[in-house]
Amino acid sequence: MHEKINRLLAEIEGCTAKSNDEVEALRVGWLGKKGSITSLFEEFRQVGAEEKRQFGQQINRLKQAALEKINALREGLEHHNDSKQTFDATMPGEPAPLGARHPLSIVRGEIIDIFKTLGYTVAEGPEIEDDYHVFGALNFPPEHPARDMQDTFFITTGDNPVLLRTHTSSVQVRVMECQKPPIRIICPGRVFRNEAISARAHCIFHQVEGLYIDENVSFADMKHSILYFAREFFGEKVQIRLRPSYFPFTEPSAEVDVSCNICNGKGCNVCKHTGWLEIMGCGMVDPNVLEASNIDPQKYTGFAFGMGIERIAMLKWHVRDLRHYFENDVRFLRQFAAT
Ligand code: PHE
């Protein structure tokens, strides 16, 4: 009996409960009609007179301990509930700190939105390409020095080497291969050129190139589309000018300048006192390029253009060093929060 009492005491001391129901179950288990302590009182009646005194005290202490434990558990639960009730669900929450979108993502989004209003859709393609899609299909003759215009990272050598694309014109080739005109796409994406990294050049940068092929697409259509883009992006007052240029895949080709948005064309450091800033290359798609992708150059004409997102973003925010875009310095990136 002595042993039983000690075991029960230890059990009572170690007890925990998560709800009032559990506390009640413990109470019934100890002190209910068939409870373990209640049955000890039955046994107590049978012990000899000399032991009665000692056991009586022990059983009473046990009962006391059980009652105290039950009260303590009930109180603990009540406190717990109290603290729940003091939670005020109507209090304003902690504000979640807003991050910033990367400036290149912001500008890419703006460019895409502008061309979407002209009916262009977005096309994407692989960054690891083959020579054919980056050069061959775009009228770069083999061994022609035109290939040197874009210093290329080669992955394999051979007949049709694998390389990192130097422009997203490769995506245009992939679309022309499997889509019939009219084609009206813009191709945003990351491109790679083997260039020394400086404030004005990087070996990785981003482009948005565009392609429009249909019957009767003219140089005037191209010029107007680019003017529309420039006005939407840089503001109503911006002017553009086209300078003759050369690309293997367009003929005629041009370089597009916008009037300097810092000095309004008067001449300043940024535009090197010319009043103009170069923003993209463009031209009428060379018939050889159409033919390479099985598009009839007698029936269809088209124009293409391509711009660097870093450059456009530099002009928009007057960022002077291109390397900022790649360093992920939060002091730089935070400035673009909520724009
Ligand atoms: N692909 C050219 C470049 O990467 C840009 C361009 C695209 C020029 C389309 C003319 C027409 O520099």
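In what order do the seven strands of the open sheet lie? The order is 1-4-5-9-8-7-6, and the pairing is mixed. The model is predicted: local features need pLDDT of at least 70, side-chain atom pairs count only at pLDDT 80 or more, and totals for chains, interfaces and linings use all residues. Residues are numbered from 1 along each chain as its sequence is written, and side-chain values use heavy atoms, with hydrogens and water left out.

**View 1. The open sheet and its edges.** Seven strands make up this open sheet. Strand 1 (121-122) and strand 6 (240-247) are the edge strands, and each pairs on one side only. Strands (E, at least two residues) and helices (H or I, at least four residues) are DSSP runs, numbered from the N terminus. Two strands pair if DSSP finds at least two bridges between them.

View 2. Strand 6 and strand 7 form a hairpin with two residues between them. They pair in the antiparallel sense over seven bridges. Phe247 has Thr250, in strand 7, as its bridge partner. Strand 7 (residues 250-259) also pairs with strand 8 (residues 276-285), in the antiparallel sense and over eight bridges. Here Val256 stands opposite Met280 of strand 8. In a regular strand, side chains alternate between the two faces of the sheet.

**View 3. Two helices across the sheet.** Helix 5 (residues 103-117) lies across strand 1, strand 4 (183-192), strand 5 (204-214) and strand 9 (301-308). Its direction is at about 165° to strand 4. Helix 8 (residues 219-234) lies across strand 6, strand 7, strand 8 and strand 9. Helix 8 runs at about 150° to strand 8. Contact means heavy atoms within 4.5 Å. Axes are lines fitted to C-alpha atoms, for helices over the stretch in contact, and angles run from 0 to 180 degrees between N-to-C directions.

**View 4. The shell around the ligand.** The ligand is surrounded by 14 residues. The closest are His167, Ser169, Arg193, Gln207 and Glu209. Strand 9 gives the largest share, three residues. By type, the shell has five nonpolar, seven polar and two charged residues.

View 5. Glu209 has a polar side-chain atom 2.7 Å from a nitrogen atom of the ligand. An N or O atom in the side chain of Arg193 is 2.8 Å from a ligand oxygen atom. For Ser169, a side-chain N or O atom is 3.2 Å from a nitrogen atom of the ligand. Taken alone, the ligand exposes 330 Å², and the protein buries 92% of that. Accessible areas come from the Shrake-Rupley method with a 1.4 Å probe.

**View 6. Backbone details.** The peptide bond from Pro181 to Pro182 is cis, with omega near 5°. Pro182 sits in the loop between helix 7 (169-178) and strand 4. A cis peptide bond also joins Glu251 to Pro252, with omega near -5°. Pro252 belongs to strand 7. His273 is in the loop between strand 7 and strand 8. Phi of His273 is near 60°, a positive value in a residue other than glycine.

How values were computed:
A residue is near a molecule or strand if one of its heavy atoms lies within 4 Å of it. A polar contact is a pair of N or O atoms within 3.5 Å; within protein, one must be able to donate a hydrogen and the other to accept it, and residues adjacent in sequence count only if both atoms are side-chain atoms. Ala, Val, Leu, Ile, Met, Phe, Trp, Tyr, Cys and Pro count as nonpolar, Asp, Glu, Lys and Arg as charged, and the others, Gly among them, as polar.
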